[in-house]
Each structure stands twice: as C-alpha cells, then as structure tokens.
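Have a look at the chain first.

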Amino acid sequence: MSDKKIYVVKPSLPDLNEYVEEIKDMWETGIMTHQGPKHNRLQQELKEMMDADNITLFANGHLALELGLEALGLEGEVITTPFTFGSTTQAILRNGLTPVYCDINPEDYTMDVDKIEDLITERTCAIVPVHVYGNICDVEKIDRIAKKHNLKVIYDGAHAFGETYKGKEVSSFGDMTMFSFHATKVLNTVEGGCIVYKDGALTQHLEGLRQFGQIVGTESTPYVGTNAKMTDMHAAMGLCNLRHFDEYIAKRKKVVERYRERLSRIEGIKLSIVQDDVKSNYAYFPAVFEEENTGINRETVMTELANNNIFARKYFYPLCSDFECCKEKGIKSEVPVAKYISERVLTLPCYSDLSLEDVDKICDVIESVYKK
Ligand SMILES: *Cc1c(COP(=O)(O)O)cnc(C)c1O
C-alpha cells in the first residue's frame, strides 16, 4: 500500500509563477482590495463569459447567497432542498426566513418539481433550489411555477459554474444564481463567490451590503451592511484559473467518464443519470450504495477505501432538515427520497489533477468489496 493519500477534492491551481506574475504589479500600485483592478477585471471576464446582465463578486459563495437573499427583501417561507451543503439553509435562516423542505428526485437529486406546489402557502416568497453536484434543476418547470405563484427564484449554483442547459448559461434562469469560488470548486479564487442577477437596480444595494452599508464612492450609508468584499489577491487567483478553466474541465470529464465506465456495471451501485441537455462541469462524482440487494453498504465501502488511503465523503449527510438549529425552530419535513439518498451516498475523489490510474485504483478497491 502506498502512503499517498487521495482526498475527495483538491484545488485546481495555476503554475505558481503565473500567479506571481499576476499579482506583481500590486506591489507597485498598493491596491489590494476595495474593487481594485483585479477585482474589476475578474468581474468583467465573468460577465462576458456568462453573458450576464449583472454580476457582483463576494468574499465567498455563502455571503453572496446570504446577501443576495437580503437584497431581494424577502419575508416568510422559502421552498428549498434539504440535500445540499449547510450553507443554503444557513443563508435562508440568517435572513429570518423559514426553510420549507421539498423532497428531491432519485435520478439526479435535484428538487422534485412535482412536489413544489403542494408546499406553497400564502407566506411563501421564494424558491431556493440547488444545482446539486452540478446536476441542473428542472429550470423550466421551476420558472413556470414561480411565474404562476409570483415567487422569486434564487439558485444555489455553487456546484454549477461553467454549465449550460440547452445551450443557455445556467445563470440565465431564475432571478439570481450564486456561484462559489471556494478552493474546492471547479473555478477557485481560494475563497470567493458571486451572484448573477437580472435586476440591475439591485447592484447598489448589493455593493452596499458587501461594504459596510455604504453607497460605494459616496459619503452615504443608507444600508445595514457587512464586509464581504472580494480582495484583489483572490481575484488574481480567479484570473489565472479562468485561463485554464477549459483544461480543468476536460481533465475532470476524463475522471468522471472512467468512473462511470468502471462503476456502472457493478450491481448495487446506482449512479446519477447523465443529463441530456446539460453541458456538465463534472464537479463531483456521487455514487449511491444500495445495500438492499447486495448486503454491502456505504460504511463498508468507505472503510475499505480509507484502509487504502482513499477518503470519500458523505456529501450530503445529514440532511439540512435534520440540523439541530432547524429542529429547535420546529421546522418539520417530509423528504423520504432525500433521506434514502443521504443515507447511501458517497462522493468519490474528483478533481482535475486526479490521474486515471488513481481512478482505476479507487474502482479496484470498490470492486474488491463486491467480490468478497
Ligand atoms: C460550497 C457551497 C456553498 C458555499 O460556498 P462558499 O464559497 O464555500 O462560501 C454553498 N452551497 C453549496 C451547495 C456549496 O457546495
């Protein structure tokens, strides 16, 4: 057994010299933050790449979502998914909103759109769906429901940067989409994030929320804000990584395709469907271990992987609806499919620098569990 440890994610990084080149002039200008030139260039490049109406950058994806929800001035209940990273629910709760959990579908783990309308009450103000693992939600149906009931739609697209649906940018759906540029995401600024949104009238408020409540560039402070600016140091990392983004995705594609080829033939392992109309970014590789027919559960697989220095993760377990902070508030949910998937899923190592030899090694270990 080798000593090399394989973790579930690893940041995609540019050559160190490329980053040093990118930040060099900052030592002359002394401009490190406050919408400096790197920030502005990254904002512009992202705007062009996504053909976005409006985009605002933040210190991280979570604050982008939290402040995005705040800028929309929402009150009441928000229909969302329990099968996501805790950030989605936390952003809702920190806005004083009540999450109402909608179950997911067992094919791609996104919100089950046929169950949304049953959850709408007179207090419902918005839907916050998640493009989980980069699987795109049924954006068309969500759009129809939102229009019919006059609800805002804010996508947590933390996993979905760079994707398209039927050739359209994923951020073109809904009122807002948040992307995360955390070190482990497909595009990283170390920490960082953005929201892309339709209503340009929100920009001043969003920039104010991000910078101590000010109308940036004036002496006026009408908002109650925080500090959630993206620094130029972070933006510079984004500029470098953006140059290599297509390479990163091409490498991830090979990883995911090898996994699919190897694991789809094992009975007892269920993989997410490949979405027809989606140009994927291959962000994550989840596998559902169904012990019902095989007697092999995810704990067994996870332990055997760990014995071989391979560290898979239970993303997403527990469900957000099972968080103590939700239970304390008396938030109830009926989400059997999410519970089923959450209790059986593992995300396997998936990143641009993962070699196909390592993918084979991971698959060999998993296969060996089933052959015992
Ligand atoms: C990573 C992530 C976030 C938060 O993004 P940060 O940039 O880490 O703050 C939110 N939602 C989901 C689904 C995520 O995976």
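P318 sits in the loop between α11 and α12, where helices (H or I, at least four residues) and strands (E, at least two) are DSSP runs numbered from the N terminus. A cis peptide bond links Y317 to P318, with omega about -5 degrees. F316 lies in the loop between α11 (298-307) and α12 (324-328), and the bond from Y315 to F316 is cis as well, with omega near 10 degrees. For background, most peptide bonds are trans, and most residues other than glycine have a negative phi.

A word on the source: this is a predicted model, with local features needing pLDDT of at least 70 and side-chain atom pairs counting only at pLDDT 80 or more, while totals for chains, interfaces and linings use all residues. Residues are numbered from 1 along each chain as its sequence is written, and side-chain values use heavy atoms, leaving out hydrogens and water.

Next, a couple of buried loop residues. T110 is in the loop between β3 (98-101) and β4 (124-128), and its relative accessibility of 2% makes it buried. Its side chain makes a polar contact with that of D108 at 2.7 Å; that term means a pair of N or O atoms within 3.5 Å, one able to donate a hydrogen and the other to accept it within protein, with residues adjacent in sequence counting only if both atoms are side-chain atoms. Beyond its neighbours within four places in sequence, T110 is in contact (heavy atoms within 4.5 Å) with residues including V130, V132 and I136.

A160 belongs to the loop between β5 (152-156) and β6 (164-165) and is buried at 0%. Again setting aside neighbours within four places, A160 touches H131, I136, V170, F179 and N281.

What about the whole protein? There are 14 helices and 13 strands. The radius of gyration (over C-alpha atoms) is 21 Å, close to the 21 Å from the globule rule (2.2 Å times the number of residues to the power 0.38) for 372 residues, so the protein is as compact as a globular protein of that length. Buried residues make up 55% of the 372.

Methods:
Buried means under 20% relative accessible area, exposed over 50%, partly exposed in between (1.4 Å probe, protein chains only).
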